[in-house]
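I opened this model to look at its ligand site, its helices and its cores. My notes follow the order in which I looked things up.

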Amino acid sequence: MSTDVSAAPAPGTVLHGAGVGRRVAVGPVVRVQPAPAVPGDAPVLRDGAPVPEPEVPDAVRAAFAGVADALRAQADRSSGTVAEVLGATAMMADDPALRDQVLARVGGGEPAVAALDAVVGQFAAMFEQAGGYLAERVTDLRSVRDRVVARLAGLPDPGVPELREPSVVVARDLAPADTAALDLARVLALVTEEGGPTGHTAIIAGQNGIPCVVRATGATALAEGTVVAVDAGAGTVLVEPDEAARAALDARAAAERALEADTAPGATADGHAVALLANIGTAEDAERLAGAAVEGVGLFRTEVLFLGRQQAPTVDEQAAAYARVLRALGPDRKVVVRTLDAGADKPLAFANLTPEENPALGVRGYRLVRSAPDLLTDQLAALARAGAETGTQPWVMAPMIATPAEARAFAEAVRAAGLRTAGVMVEVPAAALRAGAVLEEVDFVSLGTNDLAQYTMAADRLRGELVDLLDAWQPAVLELVAATARGGAGAGRPVGVCGESASDPLMALVLAGLGVTSLSMSPAALPAVRFALRRHTLAECRAMADAALAAADPAAGRAAVTALLDPEARAALGL
Ligand code: PEP
Ligand code: MG
């Protein structure tokens, strides 16, 4: 990444992107450096000058040692997972086998960067073949390579920098491995130039209540240390805010805190219940909900447990993780567990074996039962064991169901495993249109509006530039939500929403009006949704749903619904 400060946006510039959540934050920028693109035959540099050939081995040794020391020092100052990730990477940089093989090649006349690339390539192949724990270390290995190459080329260390003070982290995009090395407690906000509002970074930010703006054009030109104001509600990043802008943001932050003080169950002004649930990805997420005003978990994305692995976790390992989640929520709050949703935007080495031209339309989600049925049976066995151990029965749902027959087969598998409550996600238009028939087979459905928008609008959810088409306010997407809700009402069964649209307070009113019975979202989004519901009756929500359905496009829909808002609610929500 260039550090060309002359291109940095001037004070007062507003960068626009897509906001995640509603929170605001002000702080200094810390930039994530991408891996350097250094050619294999690049000279080794010291203080900007090429190192004489006889001294190259020493420079290589010094680069490895420098990387190990820096990582260890960073690990010592961190805690938990971050310290573990950094410590494991430091050990790899210290590994004599790796360093000595590079030195042997350098001794044989190979350029240092090419030698490092070749040796790391061999080690990575070996680790991948060994599988299990070693295979998981390939990311660390590549991170060591990138860091050593950067030192040899005289470039700044790549990857996530150490956060010494609360900071706004700015990146082109963040890989899952980057996020694992990020000390979230010191992240005031995340800003990315790429990525989409339903991508990995956005989901992590949402789950941790961190304000986030993705697709913020110009963000990577921000200079290190520049103070910026991130407003996730507005989707903006203001460069060097003046006193007035800071005061306005402080007022917004205070209003958000006031909304958070209400802890009652979700309901409209006239008492129509709409359960407010949380989306989680890990047992740690569940544990953070222990004392929170959340009625349960509406979506546990179990694939987080499987990501980055070469083999599926064992039934024992899965059962332990699921039991932790069930215990954290306790006996009185429901937990909806989604079975593995691998493929497309969440590829898994052991599940998605055949390369596909159109992975989003391929063997993904529940369809993996065709090629790898053990993944499902093992997962259900682990869930049943966790249920028996904790005395809390999870609700279990399958992703990417297209037909009533798939729903039936899934429900049979769930019940055969000894689990009682089976549901499916409605993410494919076919399932929405036939929701009544699907609900004859299962106990509940949950609308995944992220994928439903993708498949309704034929717009890849990973392509941020199609964000206008991926909008859940598209009337066509809302028609499918309405069809699903009608199916639910006919069958007398619950219809939830667990896509990102549930976290938009304005949309939450529309969804309630359409007949949705629960909304599941990142916990940080919940207070504003609770507040919006409480300020409107069910009849008002229905009128809003009619207005959104009748609108020509998303902007008109939002405007029509905003016009129907209670004026006080409108002011408090900043709409
Ligand atoms: C969705 O598609 O809306 C959903 C909730 O699932 P995911 O985002 O994990 O694909
Ligand atoms: Mg989905």
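**Ground rules.** I worked on a predicted model, where local features need pLDDT of at least 70, side-chain atom pairs count only at pLDDT 80 or more, and totals for chains, interfaces and linings use all residues. Residues are numbered from 1 along each chain as its sequence is written, chains are lettered from A and ligands numbered from 1 in the order in which they are written, and side-chain values use heavy atoms, with hydrogens and water left out.

**Ligand 1.** I looked up the shell first, taking a residue as near if one of its heavy atoms lies within 4 Å. There are 14 residues around ligand 1, and Arg301, Arg338, Lys346, Asn450 and Arg461 come nearest. I then checked polar contacts (pairs of N or O atoms within 3.5 Å; within protein, one must be able to donate a hydrogen and the other to accept it, and residues adjacent in sequence count only if both atoms are side-chain atoms). The side chain of Arg301 has an N or O atom 2.7 Å from an oxygen atom of ligand 1. For the side chain of Arg338, the distance to a ligand 1 oxygen is 2.8 Å. Asp451 uses a backbone N or O atom, 3.0 Å from an oxygen atom of ligand 1. Taken alone, ligand 1 exposes 290 Å², and the protein buries 100% of that. Those areas come from the Shrake-Rupley method with a 1.4 Å probe; for residues, only the protein chains shown count as cover.

**α17.** I asked which element gives the most to the shell around ligand 1. It is α17, with 3 residues. Elements are DSSP runs numbered from the N terminus: helices are H or I with at least four residues, strands E with at least two. I counted burial next (buried is under 20% relative accessible area, exposed over 50%, partly exposed in between; 1.4 Å probe, protein chains only). In α17, 7 of 9 residues are buried, among them Asn450 and Asp451. Their cover includes β12, β15, β16 and α18. After α17 comes Ala458, with a positive phi near 50°.

**The loop to α18.** Leu466 sits in the loop between α17 (449–457) and α18 (475–491). I noted it as partly exposed because its relative accessible area is 27%. Not counting residues up to four places away in sequence, Leu466 touches Ala459 and Asp460 (contact means heavy atoms within 4.5 Å).

**α18.** I checked the length. The expected span is 1.5 Å times one less than the number of residues. The 17 residues of α18 should span 24 Å, and the end C-alpha atoms are 24 Å apart, so the two agree. Its buried residues include Val477, Leu478 and Val481. Just after α18, Gly492 has a positive phi of about 70°.

**Cores.** A nonpolar core is a set of buried Ala, Val, Leu, Ile, Met, Phe, Trp, Tyr and Cys residues joined through side-chain atoms within 4.5 Å. The largest has 93 residues, and Val424, Val510 and Leu519 have the most contacts inside it. A second, separate core of 37 residues includes Ala59 and Leu152.

Asp47 is not a glycine, yet its phi is positive, near 50°. Asp47 lies between β4 and β5 and counts as exposed because its relative accessibility is 80%. Met400, also not a glycine, has a positive phi of about 60°. Met400 lies in the loop between β14 and α14. Is Met400 buried or exposed? It is buried, at 1% relative accessible area.
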